[in-house]
Amino acid sequence: MATFLYRLGRWAFVRRRLVTLLWVAVLAVGGVLAAKAPAAPDDGFAMPGTEAQKAFDLMNERFPGGHADGASARLVFVAPSGQKITAGPNQQAVERTVDELSHAEQVTGAVSPFKARAVSKDGTTAYATVSYSVKAGKLSTGATTALEQAAQHGRDAGLKVEIGGNALMAKAEAGGSSEAIGMALSAVVLVITFGSLVAAGLPLLTAVVGVGLGMSLITALGSALGLSGTTGTLAMMLGLAVGIDYAVFIVSRYRAELAEGRTPQEAAGRAVGTAGSAVVFAGLTVVIALAGLSVVGIPLLAKMGMAAAGTVVIAVLVALTLVPALLGFLGRKVLPRKVRKAGGDAARAATKENGGARWARFVLRRPLAVLLGGVIGLGVLAAPALDLRLGLPGDEAKPTSTTQRRAYDLLSEGFGPGFNGPLTVLVDAKGVADPKAAADAVSRQVSALPGVVTVTPPMFNKTGDTALLSAIPATGPSEAETKDIVHAIRGDAAGLKSATGATVLVSGTTAMNIDVSQKLTDALLPYLALVVGLAVLLLMVVFRSVLVPLKAALGFLLSVVAALGAVVAVFQWGWLADLIGVEQTGPVMSMMPIFMIGVVFGLAMDYEVFLVTRIREGYVHGEQPGEAIVTGFRHNARVVTAAAFIMIAVFAGFIGMSEPMIKMMGLGLAAAVAFDAFVVRMAIVPAVLVLLGRRAWWLPRWLDRLIPDVDVEGSKLQTPATEAAPARESVTV
């Protein structure tokens with residue numbers, strides 16, 4: 001592989017104008033296709049195989065036009081202090097507001113609280129439910145404006161009015177400013193790392209090209225493949241991350257080859273042949289982690305993973321072709337001006353001894369202490385993860401500045417927390433002799449369960465064979481007691497079917513969230529085994545070792561668990577919550593563990609491959625194990641550190657967002673990258689390699705014969721043939 005990539009790098013260097021024009025043309029075509037593509041489809045967050053989804057589908061079938069998964073709003077009305085909501089003027093104001101909404105566009109129904117008996121026992125609070133014909137993300141501007149105006153009219157009449165439900169889904173915070181800040185911080189880190197504006201700008205430029213093409217293709221193929229606008233979120237984030245990383249690694253190796261006195265074209269060929277080989281395998285580990293999201297069983301996650309994987313593949317191709325082509329235009333300008341003026345001796349001296357080499361020698365002297373310190377430190381940070389509770393936080397986790405959170409609090413005060421998470425019980429009595437008797441039996445059974453406050457009367461469809469009940473628990477939607485009620489109803493379903501002949505299903509937002517959490521929990525271990533198992537096999541090919549890949553996987557698991565511990569400590573226990581603006585503690589988002597594994601595993605393996613391939617390269621070329629570690633850190637520690645700082649800065653920017661789930665993702669990803677890059681890769685990895693010595697590169701003979709030799713370290717590039725003077729070299733200096 002190294003030989004092929006070496007030739008590819010030299011070819012791209014020589015044919016730089018052609019390669020650059022081809023990428024510009026492909027980017028332009030992608031942009032045109034994206035501009036002409038049909039609108040992205042609905043996200044359609046379906047959960048195949050879950051009871052809640054089965055009930056949703058059945059509701060849509062038996063209650064045509066009811067739109068079981070349509071948007072809904074819950075207007076909460078509170079009378080002025082000392083008054084009742086049932087007082088004449090207050091009741092009239094509520095009814096006018098509800099009547100106004102019943103005629104708004106996309107509204108299928110607006111039920112007065114006085115007809116639905118939705119008034120609190122103390123008479124101060126009432127709520128009205130508004131149903132829509134489309135999903136929350138598809139509500140028109142007119143529909144949301146009418147909702148907000150109706151609420152304001154209620155306030156003008158002297159009432160306190162807040163809006164809950166999903167009709168007013170919080171608009172996604174513009175990511176443009178965060179991305180701009182991330183790019184600016186990346187530029188600063190790269191300038192410090194390379195000491196050259198030109199060298200710093202090249203990775204940013206190529207990363208933007210890769211992300212631009214990836215997002216254009218996602219948009220262009222959105223209608224055909226069912227890729228929504230949400231699908232590209234992960235692709236944009238990871239495409240930018242790995243695009244910068246891969247270009248930085250190749251540019252860094254190119255500079256090192258120039259420092260050894262090689263011509264620019266030869267340096268480009270060797271950079272792509274060696275660093276490019278590491279990029280290919282690092283990219284494959286990321287693709288494995290992202291494509292593995294398909295096993296989770298959530299279509300949206302699978303599409304996000306595949307779209308992001310495609311963008312990573314583009315980033316690899318950009319690094320292998322466009323980066324050496326642009327290096328052909330820049331030549332020696334990627335070196336700092338002082339180094340260029342001083343000549344080759346100064347360039348070699350600049351890489352002779354640096355902080356990375358000094359740190360490696362420190363680890364060589366105290367490997368056991370460094371190893372124990374790193375493992376114990378991460379173990380302490382991981383301890384809170386033992387108390388990990390998963391769920392999908394709702395309005396209760398939103399900031400108090402939002403109307404959804406205020407509506408949630410008012411409902412809890414007036415009716416009890418369970419009114420914010422009613423359970424929809426579907427009674428499928430098709431073929432049953434007396435559907436009404438069956439529904440009544442289910443109602444009595446559910447009402448008798450501990451923790452159930454009330455059950456609404458059955459509501460039948462037009463054919464009279466299916467009924468809906470609403471069970472109100474005493475506890476909030478994310479509480480463990482509510483989950484127990486859902487399981488209790490489902491546990492009684494078999495007995496009810498035997499007694500009545502009717503099938504009982506539990507659905508609604510609360511039940512769906514419970515099912516999502518359970519499905520993600522069940523998929524966690526298979527996903528982890530698949531991703532880590534395939535990556536270990538891939539790393540065996542890269543490093544031709546059994547112990548190094550196992551060490552890489554164990555180190556990654558340690559950093560992820562430590563990051564989850566930090567998330568639990570802040571968002572579940574409330575430690576330092578005020579510092580980052582977390583107003584309400586609660587369960588950790590269900591998708592967080594799998595999401596962190598998928599994203600962080602790819603980045604962690606990037607750092608592992610970048611760092612350890614250079615160590616193995618030194619070992620293969622005749623250095624002693626300890627000196628090879630020093631060589632690897634001398635050349636690549638600074639690059640890995642810069643890449644990690646860039647990722648931490650980008651992810652940490654999300655902590656400042658107001659949405660709690662985005663805060664959680666930002667903190668979790670930033671912590672995981674920090675732990676993995678600076679503790680695992682920079683401390684634990686070299687310490688383990690020192691303790692193992694030559695045994696680190698042990699490979700059984702039978703396995704050595706089976707595994708293909710991909711020559712990632714570029715040993716075949718050490719032949720005199722590769723040093724031949726290049727033809728047609730024309731370098732801008």
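In this predicted model, Arg681 is buried, at 0% relative accessibility. Its salt-bridge partner is Glu608, with an N to O distance of 2.6 Å between the side chains. Glu608 is buried as well, with a relative accessible area of 1%. Arg681 belongs to helix α23 (residues 660–692) and Glu608 to helix α21 (residues 592–620), so the pair ties together parts that are 73 residues apart in sequence. Salt bridges with shared partners also join Arg253, Glu257, Arg262, Arg614 and Glu617 into one network.

Over the whole structure, 19 salt bridges were found. Among them is the pair of Glu162 and Arg155, at 4.0 Å from N to O. Glu162 is buried, with a relative accessible area of 8%, whereas Arg155 is partly exposed at 30%. Glu61 and Arg62 form another salt bridge, at 3.8 Å from N to O. Here Glu61 is exposed, with a relative accessible area of 54%, and Arg62 is buried, at 13%.

Two cavities of 30 Å³ or more were counted. The second largest cavity has a volume of about 60 Å³. Helices α7 (197–220), α9 (232–259) and α11 (299–330) each give two or more residues to its lining, and α11 gives the most, with five. The lining comprises seven nonpolar, five polar and no charged residues, including Thr206, Gly239 and Val323.

On the surface, Leu368, Leu372, Ile376, Val380 and Leu691 form a nonpolar patch with about 470 Å² of accessible area together. Helix α15 (residues 367–382) gives the most to this patch, with four residues. Leu368 is found in helix α15.

How values were computed:
Residues numbered from 1 in each chain as written. Predicted model: local features only at pLDDT ≥ 70, side-chain atom pairs only at ≥ 80, totals over all residues. Heavy atoms only, no water. 1 Å grid on protein atoms, 1.4 Å probe; cavity = no way out; pocket = protein on both sides within 12 Å on 5 of 7 lines; lining within 4 Å. Points joined across faces, edges and corners; volume = space filled by probe spheres on them. Nonpolar A, V, L, I, M, F, W, Y, C, P; charged D, E, K, R; others polar. Patch = residues over 30% accessible without salt bridge, like charges linked within 9 Å, V, L, I, M, F, W, Y side chains within 5 Å. Areas by Shrake-Rupley, 256 points an atom, 1.4 Å probe, with all protein chains shown as cover. Buried < 20%, exposed > 50% of the residue type's maximum accessible area, 1.4 Å probe, protein only.
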